[in-house]
Amino acid sequence: METPAQKTGTTPAFMLDSRQAWIRLALALVIGSIGSVGMWSVVVVLPVVQADFAATRGAASLAFTLAMLGFGLGGVATGKLTDRFGIVAAIGSGVGLIGLGYLGAGLSTALWQFNLMHFVIGAGASATFGPLMAEASHWFLRYRGVAVSIAATGNYLGGTIWPPLVNWSTQSYGWRVTHVAIGAFCVVSMALVLALLRARMGGHVVATHMAAPPPKIDLQLPTNTLTALLCIAAIACCVAMAMPQVHIVAYCGDLGYGVARGAEMLSLMLACGIISRIGSGFLADRIGGIATLLIGAVAQGAALLFYLFFDSLVSLYVISAMFGLFQGGIVPAYAIIVREAMPAREAATRVGIVIMASVVGMSLGGWISGLIFDATGSYAAAFLNGIGWNALNVAIMAALLLRARRRGGGSRVAMA
């Protein structure tokens, strides 16, 4: 229950789970939706940029790899920045990097410059994901799971909104003008929304975690050990997650259905992921982050298993929708676990570290699946590989659930 004492210390009037908290969360969602353009624009312009620079597909694809690398490393750096100076400073730095990266990409005269600028773009975009999830966790207690999931949904909303806009602008004005325009729009719009967020947080925007609620569960593990376990689990689950997300388009092409069908399945997967993220937030508020992640991981493994036995066009659409519904809430659950089990003063840094591990898992999973396909000529072994990695994640989460005890009461955390 919310009490007058449960204030974050940002303003005298602010209370957890209040109307003011929901307004902050709405502003954070807008910021996350805009800033996530850095994860999606390069996918849209890849063929045009490749042709313009007369490069190979592999050389042009390095832009996405560097964007992911910047996203992972930037998440740790902006997480530390958030813990020390506050979310406004972290997002402000991210806005500057996004603007600089897109301007540099639009003005690049060589492919290596374009690729390098996407490392900057990815680093800037990272401020609008992990740090925002951690910060949202400080504004809520009763609805913390929902809040963290909503903050994370900005990434998927951006994936729904930005690609068609980037494609239209590229076709109409060219990729260079598009990149400069994206940078200008992001700087102006995000700065305005960030100013509104800062006003809602009052004058004490440096450390909202100072009076945030303490951890709710005790896993009887040192913080560094728990962080390492969560990183291993994140890598494992995202290696499994990457198989359908990265290769579903190519898989449909190999089956003779065409890449357009695969692209539709990927869009369906991401759309269902939005539903999953919100739903998992509600579930986490009832049973906790660890149990929620465990359920999602088991369900994700089941969906991967279905891919092995069913490959008709209709069944692939159904399974892809199921996969989106199952996996969408997994990554935000890590942020919820961090907040439930670790001190608030270092939540953003720890979330950033785990998110970086998930990025490593996605990159590794996409690459390994391709290698397995090259070696076997089929994706069946790649799906089995994903199921094996997913089982490791399930095992870690099950072990943590067995160790979890509520602080103060000493009783185990039950899935109820």
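Predicted model: local features only at pLDDT ≥ 70, side-chain atom pairs only at ≥ 80, totals over all residues.
## A buried salt bridge

Glu346 and Arg350 are joined by a salt bridge in which the closest N and O atoms lie 2.9 Å apart. Glu346 counts as buried, its relative accessibility being 19%, and Arg350 is likewise buried, with a relative accessible area of 14%. Because buried means under 20% relative accessible area, Glu346 at 19% falls within that class.

Since Arg176 lies in helix α8 (residues 175-201) whereas Asp52 lies in helix α2 (residues 37-52), the pair ties together parts of the structure that are 124 residues apart in sequence.

As for solvent accessibility, Arg176 counts as partly exposed at 31% relative accessibility, and Asp52 counts as partly exposed at 43%.

In the pair formed by Arg261 and Glu264, the closest N and O atoms of the salt bridge are 3.6 Å apart. Both residues belong to helix α10 (residues 259-287), where they stand three residues apart, so about one helical turn separates Arg261 from Glu264. Arg261 is partly exposed, with a relative accessible area of 35%, and Glu264 counts as partly exposed as well, at 39% relative accessibility.

## The surroundings of Val148

Val148 is placed in helix α7, which runs over residues 144-173, and at 1% relative accessibility this residue counts as buried. When residues up to four places away in sequence are left out of the count, Val148 touches Met133, Ser137, Pro332, Ala335 and Ile336.

Which distance separates Val148 from Ser108 in space, C-alpha to C-alpha? The two residues are 37 Å apart in space, while in sequence Val148 and Ser108 are 40 residues apart.

Definitions and conventions. Residues numbered from 1 in each chain as written. Heavy atoms only, no water. Helix = DSSP H or I, 4+ residues; strand = E, 2+ residues; numbered from the N terminus. Buried < 20%, exposed > 50% of the residue type's maximum accessible area, 1.4 Å probe, protein only. Salt bridge = Lys/Arg side-chain N within 4 Å of Asp/Glu carboxyl O. Contact = heavy atoms within 4.5 Å.
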